[in-house]
Amino acid sequence: MLQFTFDTDNTRIDRLQRGGFGYFLRYSDAGTGLVADTSRAGSPSSIAATGFGLACYPVAVERGWIGRAEAARRVLTVLRFLAGGRQASDARATGYRGLYYHFLDMRTGERTWSSELSTIDSALFFAGMLTAAAYFSERRRDEMEIRSLSERLFERADWAWALNRGDTLMMGWRPPGRFLRHRWRGYSEALLLYVLALAAPRHAIAPENYDAFTAAHEWLQIESGRHLHAGALFIHLFPHAWIDFRGLHDAEMRKTASDYFENTRRAIAFQRAHAEENPGAFAGYCRDLWGFSACHAPKGRLRLRDGRWQRMLGYAARGAPFGADDGTLVPWAPLACLPFEPEAGLGGISHLLSRYPALLSEDRLPGGFNPSLPGAGAEGWVDDRVVGLDQGLSVMMIENWRSGLLWDITRSIPAFGRGLRRAGFEGGWLSAVCPRI
């Protein structure tokens with residue numbers, strides 16, 4: 001079992017943030033630049049994890065973990081490869097209509113795992129790409145090429161086609177020509193997707209499509225007013241990795257005199273309250289041990305350490321309140337929540353590492369763990385995967401808490417401002433930025 005001693009919170013956080021970034025150095029392909037979905041051997045690339053990796057390079061340069069020229073070279077490798085990747089409607093292409101399949105072969109870039117052409121995962125890639133392009137702004141040949149390729153890739157994405165003649169965006173499409181059944185309708189991580197689809201230079205959707213998305217929001221009546229509900233933690237966090245929503249209000253938020261940042265703070269409070277109440281009587285739950293989100297776990301009816309039988313959910317989006325819960329937690333939650341509740345985040349990570357030290361390997365946390373299940377130590381069942389999305393989200397959110405770097409970069413990107421304004425957002429940092437419609 002690995003033991004770690006940290007002198008201060010800052011030292012601890014710096015070590016975890018750097019360890020998270022190290023995932024993208026270790027688990028990316030040298031030839032394509034694509035990033036593996038997880039650390040498990042043979043894992044394909046996730047186009048979303050690749051996007052998170054692109055957004056993390058500016059952090060690494062600013063923190064001195066990698067040189068600027070090396071980071072630019074790595075970004076350029078990805079963009080060159082995808083710019084030359086085959087866009088076609090057959091099952092072996094890299095993408096279609098300027099969008100990308102969820103999972104790609106690390107070395108060839110071909111679609112794998114029979115995955116869908118994913119609108120949300122494509123959007124996460126584009127968000128990371130735009131971040132890298134905005135950061136690498138010098139008049140050097142490599143950085144100029146990054147900006148040129150980024151503009152070209154973003155321009156060809158056909159978001160209007162992804163509406164499939166409806167009022168909201170489809171979740172995905174499969175070759176040779178079949179859209180998935182479900183649409184992005186109602187509050188979800190697709191908030192980021194809609195902002196970018198509204199901002200597209202050629203194939204944009206309309207403000208009315210965003211209105212249709214928000215019209216299906218599910219609100220909970222609470223003592224202090226209303227809360228926009230989503231159980232799984234990642235739903236609340238993904239858009240905030242790029243966008244500082246403090247003081248930003250769309251039409252729905254104006255009705256409640258709130259914003260998505262405050263809504264996420266309430267979501268964290270709900271998660272901590274659920275862990276403290278612990279209705280399932282699971283091991284370890286308390287206000288300092290929480291984090292209910294999408295993750296892997298065993299599946300089927302299993303006996304817990306206390307002798308009870310529990311139906312385990314496998315891969316599922318656990319959540320609170322009203323979400324699924326089988327005792328499985330995501331250990332990255334305190335890190336990703338630092339910009340919203342720093343005291344809870346620091347307390348949570350301190351509690352986690354003191355009670356469950358074997359979770360940490362190479363300064364990275366696994367995708368999930370369940371201390372209620374039998375295991376070698378107090379940690380119980382521990383996922384053998386480190387997940388690229390988790391590492392990227394943690395690196396970005398830690399940096400937004402420490403310096404606001406990613407939020408500052410986003411403010412400089414015309415596409416984000418344009419998309420937010422077309423969605424009807426007002427206030428916050430938009431008030432201090434000249435309109436770029």
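**Legends to close-up views of a predicted model**

**View 1. Surroundings of Thr38.** Leaving aside residues up to four places away in sequence, Thr38 touches Tyr23, Ser43, Arg385, Val386 and Val387, a contact being heavy atoms within 4.5 Å. Thr38 sits in the loop between helix 1 (9–26) and strand 1 (45–46). Helices (H or I, at least four residues) and strands (E, at least two) are DSSP runs, numbered from the N terminus. The relative accessible area of Thr38 is 7%, so the residue is buried; buried means under 20%, exposed over 50% and partly exposed in between (1.4 Å probe, protein chains only). This is a predicted model, in which local features need pLDDT of at least 70 and side-chain atom pairs count only at pLDDT 80 or more, while totals for chains, interfaces and linings use all residues. Residues are numbered from 1 along each chain as its sequence is written, and side-chain values use heavy atoms, with hydrogens and water left out.

**View 2. Helix 15 and its packing partners.** Helix 15 (residues 414–422) is largely enclosed by the rest of the structure, because 7 of its 9 residues are buried. These are Ala415, Phe416, Gly417, Arg418, Gly419, Leu420 and Arg421. The buried residues of helix 15 pack against helix 4 (119–135), helix 5 (141–156), helix 6 (190–199), strand 10 (248–249) and helix 14 (405–411). Just after helix 15, Gly424 has a positive phi of about 95°.

View 3. The whole structure contains 0 disulfides, a disulfide being a pair of cysteine sulfur atoms within 2.5 Å. For Cys286 the closest cysteine sulfur is in Cys337, 15 Å away, which is too far for a bond. For Cys295 the closest cysteine sulfur is also in Cys337, at 14 Å, again too far for a bond. Cys286 is partly exposed, with a relative accessible area of 22%, whereas Cys295 counts as buried at 4%.

**View 4. The protein chain as context for the close-ups.** The protein chain has 15 helices and 17 strands, and 63% of its 437 residues are buried. The C-alpha atoms fill a box of roughly 60 × 50 × 45 Å along the principal axes. Of the contacts with a separation of 6 or more, 65% join residues 24 or more positions apart.
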